[in-house]
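This report describes selected features of a protein model. Please examine the sequence and the structure shown below before reading on.

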Amino acid sequence: MIVSLVSMTFLLFIAPFTVSAMEYQHELKTKKMVFAWRIEGEQIHVKVSAGTTGWVGIGFRPEKAMQGANIIIGAVRDGKFKVEDHYGDKKRAHQSDVKLGGKNDVLNPAGSETDGVTTISFTLPLALDEKWDKPINVSGPMKIMLAYGSGRDSFKTRHPYRTVLKVNLATGESKKIK
């Protein structure tokens, strides 16, 4: 009885943080990627998938190309996942917030790779407030970038696919920009 109670408690706390367990309020499908999210209190829960065995990423509020974006990028290799918080420090480059002197704000990271599809999920606070992060706006449209790398899990490889959208995270409405 105690063992099953402990097991149930463990599942209740761990299950919401696996890639497939979260129920998302909105899902946006582009030509090559899927972005799903749920706003819950002062956090956003995100899932990003693409038909690749390389990395997948999402950028919030880019200014010029990648510059100024809060980028979350992840990959899965040999069943192990890595999800990092990056900043678009140049028009066509990004670095880890940690390497820039900041912190990794990603909560509850998870990842999987099945049948050539890489999926990452994570949670972010909406009120990010360090030099390399911007608050995530849920009250109106905001620019979001989606991209993935092909075949290699290195975050330095170039993306064969990217798109930029204007998304209202509260309503799910979206419009392709690029």
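## Ile58 and the nonpolar cores

In this predicted model, the contacts of Ile58, leaving aside neighbours within four places in sequence, are Phe35, Val46, Val48, Asn70, Ile71, Ile72, Phe122, Ile144, Met145 and Leu146. Together with Phe35, Ile58 has the most contacts inside the largest nonpolar core, a group of 28 residues. Two or more residues of this core come from each of strand 2 (33–40), strand 3 (43–50), strand 4 (56–60), strand 9, strand 10 (141–148) and strand 11 (161–168).

A second core is separate and has nine residues, among them Trp55, Ile71, Ala75 and Val164. In soluble globular proteins, nonpolar side chains tend to be buried together.

Seven strands form an open sheet with antiparallel pairing, in the order 7-6-5-4-10-11-12. Strand 7 (93–96) and strand 12 (174–176) are the edge strands; each has a single partner strand, so one side of each lacks a neighbour in the sheet. On average, neighbouring strands of this sheet are turned by 30° against each other, direction ignored.

Strands 10 and 11 run antiparallel and are joined by eight bridges. Lys143 has Lys166, in strand 11, as its bridge partner.

## Thr118

Thr118 belongs to strand 9 (residues 117–125). Its relative accessibility is 0%, and Thr118 therefore counts as buried.

The side chains of Thr118 and Glu113 are joined by a polar contact of 2.9 Å. Not counting residues up to four places away in sequence, Thr118 also touches residues including Val48, Ser49, Ala50, Val56, Val76 and Ser112.

Conventions
Residues numbered from 1 in each chain as written. Predicted model: local features only at pLDDT ≥ 70, side-chain atom pairs only at ≥ 80, totals over all residues. Heavy atoms only, no water. Helix = DSSP H or I, 4+ residues; strand = E, 2+ residues; numbered from the N terminus. Buried < 20%, exposed > 50% of the residue type's maximum accessible area, 1.4 Å probe, protein only. Polar contact = N/O pair within 3.5 Å; in protein donor to acceptor, adjacent residues only side chain to side chain. Contact = heavy atoms within 4.5 Å. Core = buried A, V, L, I, M, F, W, Y, C linked by side-chain atoms within 4.5 Å. Pairing = 2+ DSSP bridges. Axes fitted to C-alpha atoms, helices over the stretch in contact; angles between N-to-C directions.
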